[in-house]
Structures are given as structure tokens and as C-alpha cells.
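Here's a quick look around a protein model. Have the sequence and the 3D view open as you read.

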Amino acid sequence: MKYSTYWSILDSPSHTIKSNIICLIITLFFGLIWLLTKKFKNDKGDGDKTILLWGIGVFVVLGLIFYFLLTYVYKDTSEVQILKMLDSKTTPRVEGVISNFQRNYRNRKEIIEIFRVDSIQFAYGDAVLGKFNSFSQTNNNVIFDGQIVRITYRSGSRYGDNFNSILKLEIIK
């Protein structure tokens with residue numbers, strides 16, 4: 001059977017925002033603040049403008065240094081490592097038909113969806129922080145009873161020890 005990847009852990013926000021980009025944003029932001037301070041801050045002769053420019057300049061220089069270090073010296077290889085882990089023969093994977101799909105509410109706010117593939121149980125929810133390292137797209141009508149899927153997973157879930165967490169969800173074409 002041919003599957004297409006619907007979602008993997010690499011699609012979650014915690015893996016899409018890179019630290020070198022954060023440093024570049026900090027550099028650009030403080031560079032703009034430095035230019036605005038230089039242009040519009042009145043110099044009263046008390047050294048206030050000079051201290052501000054030097055203080056802001058430190059953030060610009062540090063942000064630029066860290067950007068270059070994280071981009072060219074200490075490259076982020078986490079994506080390659082995660083891809084290797086997802087394709088590894090030791091990472092648990094189940095293939096089959098979804099059954100016992102349920103949508104429950106926890107604390108009257110958070111939606112939790114629970115289902116089985118073969119004898120493996122999965123659970124995920126739509127909590128705000130839950131989205132940062134897990135599959136948590138509830139009410140999307142992608143997962144339903146009878147759907148043929150292949151799921152790469154890890155043991156344990158924040159919803160209980162008898163559930164598993166989805167690392168990669170593949171749906172039959």
C-alpha cells in the first residue's frame with residue numbers, strides 16, 4: 001500500500017522555528033531600535049543617548065555573532081536526526097484500520113481524541129501547549145473510524161500511560 005505523510009513531528013512549531021532565525025530577528029529588531037534612537041533621540045549632553053546607543057549596540061552585535069555561530073559553526077542537525085529516528089527499524093510503527101474513535105472533553109475545554117489501530121491506543125488533544133511537540137489537530141475529520149493509516153509512535157502520552165503519542169501519521173493514498 002502507498003501512504004502519504006499527513007503529519008510528522010517535524011511539522012510541529014517546536015521544530016519549525018530555528019534558533020539562528022531568532023538571533024537574526026533580534027539583530028534586526030535592535031538594529032532598527034538603534035537607528036531610531038540615533039536619529040530621533042535628543043542629545044542633552046548628559047550621556048544618556050550614548051549609553052542607550054552602546055547598550056542597544058551590544059544586543060545587535062551579540063545577535064549577529066550568535067546568528068553566524070548558529071548558522072555556520074554550530075549547525076542544527078536535529079532535523080536529520082529526527083528523520084533517521086522516524087525511519088529507524090527500532091522506532092515502533094503500526095499499520096492498520098482506525099477503530100473505536102472517540103472525541104471527549106477534559107476540564108470542559110480541551111478536546112481529546114482517542115482511537116485504536118490494531119491493539120495500540122492513541123490519544124491527543126488541542127491544548128495550546130500540547131501543540132508544540134505533538135500531533136494535536138482535533139476536529140479535522142482526517143482521523144475517523146475505518147481510515148487506513150500507518151503511525152510511527154512512541155510509548156506514553158500526556159493523557160495516560162496506556163496511550164501512545166503520534167510521531168508521524170501517514171494516510172493511504
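Predicted model: local features only at pLDDT ≥ 70, side-chain atom pairs only at ≥ 80, totals over all residues.

Residues are numbered from 1 along each chain as its sequence is written, and side-chain values use heavy atoms, with hydrogens and water left out.

The protein chain has four helices and six strands, where helices (H or I, at least four residues) and strands (E, at least two) are DSSP runs numbered from the N terminus. Along the sequence they come in the order β-α-α-α-α-β-β-β-β-β. The radius of gyration (taken over C-alpha atoms) is 24 Å, well over the 16 Å that the globule rule gives for 173 residues, so the protein chain is more spread out than a compact globule. That rule is 2.2 Å times the number of residues to the power 0.38. The C-alpha atoms fill a box of roughly 75 × 40 × 30 Å along the principal axes.

Now for helix α2, which covers residues 19-40 and holds I22; T37 lies in helix α2 too. Are these residues buried or exposed? Buried means under 20% relative accessible area, exposed over 50%, and partly exposed in between (1.4 Å probe, protein chains only).

| Residue | Relative accessible area | Class |
|---|---|---|
| I22 | 39% | partly exposed |
| T37 | 13% | buried |

Leaving aside neighbours within four places in sequence, T37 is in contact (heavy atoms within 4.5 Å) with K49, L52, L53 and I56.
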